[in-house]
Amino acid sequence: MKNIVGILLLMLVVATGCKKNWNDHYEDQGTVSDLDLLAYLKTQPQYSLFVSKLEEYGIAEELSRDQELTIWAVPNDQMAVLEASTENKASILKYHINNLKYDSGKLKDGLKLITLNGKYLMVSRKDDQLHVGDAALTKANQFCKNGVVHEIDQLLTPDVSIYDYLRGLGSDYSIIRDSVLAMNDTIFDLSNSIPIGVDPTGNTLYDSVFTITNPIFEKANIRSEFANVTMFLPSNQVIKNCFDDLKRLYDQFGKQFLKEDSLIAYSWIKEAIFYNEIIDNYGTKDLTSAFNRVWKPTVQLVDPQYKRMSNGRIFNVTKLKIPNNVHIRMIKQLFHYYEYVPEHEKPDLFTLANVTGIEPKDRDKVSFPTLGIELTYRTLLFRGNISDNLPASIDFTPIMLERKPDGSTGYKVVEVPPGEYNLYMGFLAKNHPFVNIYVDGKLIAKSLNVEPATPWNYDRATNTVPGTKYNGWGGLVGPLVIEGDKIRSFKIKVEFAGLGKGTVENIELYHWALIPTVNNY
């Protein structure tokens, strides 16, 4: 009997507790009305201006239909913003209505709600306060027969898509705007066009529908409201600064900044700035674009205060860099440029060890008719004494030629950006001794056999000009890293490492070339 009484008491306590919790939960849900949404809003004087505008633009009837909606009601003191707006007012009002009913419990951070104007409305939570777009919820869960009303503290302004925002940019962003829009193609959409008659020759006439296509849409659909896309947006000034940096860099290692170089840079920019994801916590990791381009936040700098779009977000770029492995195809110079250095300056650039003689030498002549080029391969020959058992070597600071103001030929030291490269070289390969190669004192290749004509004879092998044996990379010595965080000079040391088929300790150098690896950003 005592057990039965105890069980009954326990059930009573549980039932009482459930009733209390249910009552508390019910009270949290806000008001409940048997009226439809439109009729209910008309009973609330604080929304009278909002309702009158819905009626004025023919939208109010949607609130009386047999459907469930969510209404974001704007109080009268915030409606003046609508009158001042130059945007489409009907579209703004439709932005305050969602199909389906979303009570506050369903409004989760990051939720995107499609509105009657076709744009998405983003839900977010900031400091335990629910927001839709830029507005905060001030009175939630006013339930009606066919939906729910939430009061917000300001009029919502529809977000635009990334594509529409890009299309509306001003002259400060004309470079990226025009280069993206120039890729548009307008095509006739037969499936959505309606036949309206036949012309005198029997051809069908259509109420035509045209669709805009763009290769970018295939990778990152910045035009679709259903996409989640991020764009990094560079201004004209940011792009100009980027190109100025390229020109200065090219000058440091003896290359002109040509139109083809600018096209490569523009292509990389367009492919690197679009992402098929919403990017949060910018700077915490490297990113891969929709076109499989790598974007390193440690190098590419952006304003972390992004612009919210209806289909994603836009970050403004503050500093842009084209990766080394994209725009640097080859850094290359010849060893015989030694002869252009005045004698009193040579000790600062070249360290000779166990060398009995050094001189430039003209060797083979060659022509490339398809290019209209005739040239003589000119090498730098240095000799050692094989009988002294001491290896001859040259530790060489790479230089390039430049034209002096008086028209004569001078030189300057080559400087390159830090990073990982593959080193290629060329020699007069016939009967050449083996060599050890060092860069900045680090051994890159030991006892390297450079006697085979392919690929070591001059620069006639590996990635030459198509259809010729002109201006190639030569033979692969090995990978290396130019250390540091800014552009600088470096040293190449070539050392005798034993005889091949020849009988003398003669090292005959033609060229060196640095090719950035995929890791060189």
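I looked up Ser-289 and listed what lies in contact with it, leaving aside neighbours within four places in sequence: Glu-271, Ala-272, Phe-274 and Tyr-275. Contact here means heavy atoms within 4.5 Å. The model is predicted, so local features need pLDDT of at least 70 and side-chain atom pairs count only at pLDDT 80 or more, while totals for chains, interfaces and linings use all residues. Residues are numbered from 1 along each chain as its sequence is written, and side-chain values use heavy atoms, with hydrogens and water left out.

Next I placed Ser-289. It sits in the loop between β14 (287-288) and β15 (294-295). Strands are DSSP runs of E, at least two residues, numbered from the N terminus. Buried or exposed? Ser-289 counts as buried because its relative accessibility is 7%. Buried means under 20% relative accessible area, exposed over 50%, partly exposed in between (1.4 Å probe, protein chains only).

Then I turned to strand β27 (residues 435-439). I found 5 of its 5 residues buried, so the rest of the structure largely encloses β27. Both faces are covered. Val-435, Ile-437 and Val-439 are buried on one side, Asn-436 and Tyr-438 on the other.

Which strands pair with β27? Pairing requires at least two bridges found by DSSP between two strands. I noted 4 bridges to β28 (residues 442-448), running antiparallel. Ile-437 has Ala-445 as its bridge partner in β28. The two strands make a hairpin with 2 residues between them, and Asp-440 in the turn has a positive phi of about 50°. For β30 (residues 492-496) I noted 5 bridges to β27, also antiparallel. There, Ile-492 stands opposite Val-439.
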